[in-house]
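Trainee: Could you take me through one part of this structure up close? I'd like to start with a pair of side chains that meet, and then see what surrounds them.

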Amino acid sequence: MTPILRAYRDALEAGDNPRVQETAEPTDELAWQARWFSGACGREFTANSGDNVVIRDFGEWNHEAGPDFVRCTVRVGPHERRGAIEVDLDAAGWEQHRHATNPDYENVVLHVVVQRPARPHFSRTVSHREVPQICLADHQPADAAWNAAA
């Protein structure tokens with residue numbers, strides 16, 4: 001477990017940190033990455049396309065330039081895919097951060113969006129391959145850590 005993930009878990013478990021108690025949900029991308037990587041967001045989702053998405057392996061948290069998580073395994077519909085996962089607060093982040101024109105994002109297999117977008121956004125790679133997208137606001141896992149933080 002990485003130091004930042006350990007600190008996040010410890011703060012949630014302690015319950016005496018006023019900042020954790022005042023905030024119903026993390027408001028920055030790094031905190032959401034920690035929540036995602038810990039599995040607190042769940043493992044089963046429905047993509048914007050309607051496909052069932054199952055996280056088989058959260059992979060490794062990438063602390064370098066490029067996608068947030070690498071060497072992940074995700075099943076989208078009947079197809080298992082191995083690659084990277086990108087987490088953005090807003091679906092528009094894909095374009096704002098120029099992921100669509102960055103070859104480092106060609107192997108992204110899932111775009112995780114925290115907030116429900118006002119309008120649909122298409123996540124694509126340099127080769128114009130659509131990247132499946134899930135919105136965490138559309139899912140409420142039964143996981144105790146999620147409910148304790150919310």
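**A salt bridge and its strands**

Mentor: Let's start with arginine 56 and glutamate 80, whose side chains meet in a salt bridge at 3.3 Å, N to O. The term salt bridge is used when a side-chain nitrogen of Lys or Arg is within 4 Å of a carboxyl oxygen of Asp or Glu. Arginine 56 sits in strand β2 and glutamate 80 in strand β5, so the pair ties together parts that are 24 residues apart in sequence. (Strands are DSSP runs of E, at least two residues, and helices are runs of H or I, at least four residues, both numbered from the N terminus.)

Before going on, keep in mind that this is a predicted model: local features need pLDDT of at least 70, side-chain atom pairs count only at pLDDT 80 or more, and totals for chains, interfaces and linings use all residues. Residues are numbered from 1 along each chain as its sequence is written, and side-chain values use heavy atoms, with hydrogens and water left out.

How exposed are the two partners? Arginine 56 is partly exposed, with a relative accessible area of 46%, while glutamate 80 counts as exposed at 52%. Here buried means under 20% relative accessible area, exposed means over 50%, and partly exposed is in between, with a 1.4 Å probe and protein chains only.

Now slide along β5, which covers residues 79-88, to glutamate 86. Glutamate 86 is buried yet has no salt bridge: the nearest side chain of opposite charge, arginine 129, is 12 Å away. For that count, Lys and Arg are positive and Asp and Glu negative, while His and the chain ends are not counted. What does the side chain of glutamate 86 make a polar contact with? The partner is the side chain of histidine 99, at 3.1 Å. A polar contact is a pair of N or O atoms within 3.5 Å; within protein, one must be able to donate a hydrogen and the other to accept it, and residues adjacent in sequence count only if both atoms are side-chain atoms. Leaving out residues up to four places away in sequence, glutamate 86 also touches others, including Glu29, Trp94, Tyr105 and Leu110. Contact means heavy atoms within 4.5 Å.

Leu110 brings us to the largest nonpolar core, which has 22 residues; Trp36, Val53, Leu110, Ile134 and Leu136 have the most contacts inside it. At least two residues of this core come from each of α3 (29-38), β2 (52-57), β4 (69-76), β5 and β6 (108-113), and β4 gives the most, with 4 residues. A nonpolar core is a set of buried Ala, Val, Leu, Ile, Met, Phe, Trp, Tyr and Cys residues joined through side-chain atoms within 4.5 Å. Valine 53 touches Leu110 and Ile134, among others beyond four places away in sequence. There's also a second, separate core of 7 residues, which includes Val70, Ala84, Trp94 and Ala100.

Back to charged pairs: the structure holds 3 salt bridges. One of them joins the side chains of glutamate 60 and arginine 71 at 3.1 Å, N to O, linking strand β3 (residues 60-61) to strand β4, 11 residues apart. Arginine 116 forms another with aspartate 138, with the closest N and O atoms 2.8 Å apart. Arginine 116 is exposed, at 52% relative accessible area, and aspartate 138 is partly exposed, at 43%.
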